[in-house]
Amino acid sequence: MADTQQVDAKAERTAAKLARQIDSFSKAHGGAEGQVAYIGERGARIVLVGEDGGWGDLVAPSYEIAEKAVEKAGITVHESFDGEFAAKVKTGPYEWTRMAGIQLGGPSNG
């Protein structure tokens, strides 16, 4: 029984830490919305999009912890990363250069 309580306490601390990071992102970007995606054994990815178009992501050790974190942070969560939600993302020269580099075989193909 004690082991279960330790695991639950650790999960709560992890969710609380992620929620603080989400809050910080939200404050820096005038608000935020998110989407949680299962990424296999590694856990779940929380994609965040700010009201200003800025974006970022966090990785939680499990889908359940990611859901708890976004709930604690109080942000709107979308089922998928598409449509109006995805359209809010603003990309700059850095992202376009990175995407072009990936398509062209990376930086050594120059």
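Modeller: Please do; one may begin with G74, which follows α2 and has a positive phi, near 75°. The model is predicted, so local features need pLDDT of at least 70 and side-chain atom pairs pLDDT 80 or more, while totals for chains, interfaces and linings use all residues. Residues are numbered from 1 along each chain as its sequence is written, and side-chain values use heavy atoms, without hydrogens and water.

Colleague: Why is E33 called buried?

Modeller: Buried means under 20% relative accessible area, exposed over 50%, and partly exposed in between (1.4 Å probe, protein chains only). E33 has 10% relative accessibility and therefore counts as buried.

Colleague: What makes E33 and K88 a salt bridge?

Modeller: The term requires a side-chain nitrogen of Lys or Arg within 4 Å of a carboxyl oxygen of Asp or Glu. For E33 and K88 the closest N and O atoms are 2.2 Å apart, so the pair qualifies. E33 lies in strand β1 and K88 in the loop between α3 and α4, so the bridge ties together parts 55 residues apart in sequence. K88 has a relative accessible area of 34% and is therefore partly exposed.

Colleague: How do you know which residues line one face of α2?

Modeller: Helix α2 (residues 63–73) has I65, A66, A69, V70 and A73 as its buried residues. Seen down the axis, they fall within an arc of 130°, so they line one face; the arc is that of the directions from the helix axis to the C-beta atoms. E64 and E71, on the other side, are exposed. Helices (H or I, at least four residues) and strands (E, at least two) are DSSP runs, numbered from the N terminus.
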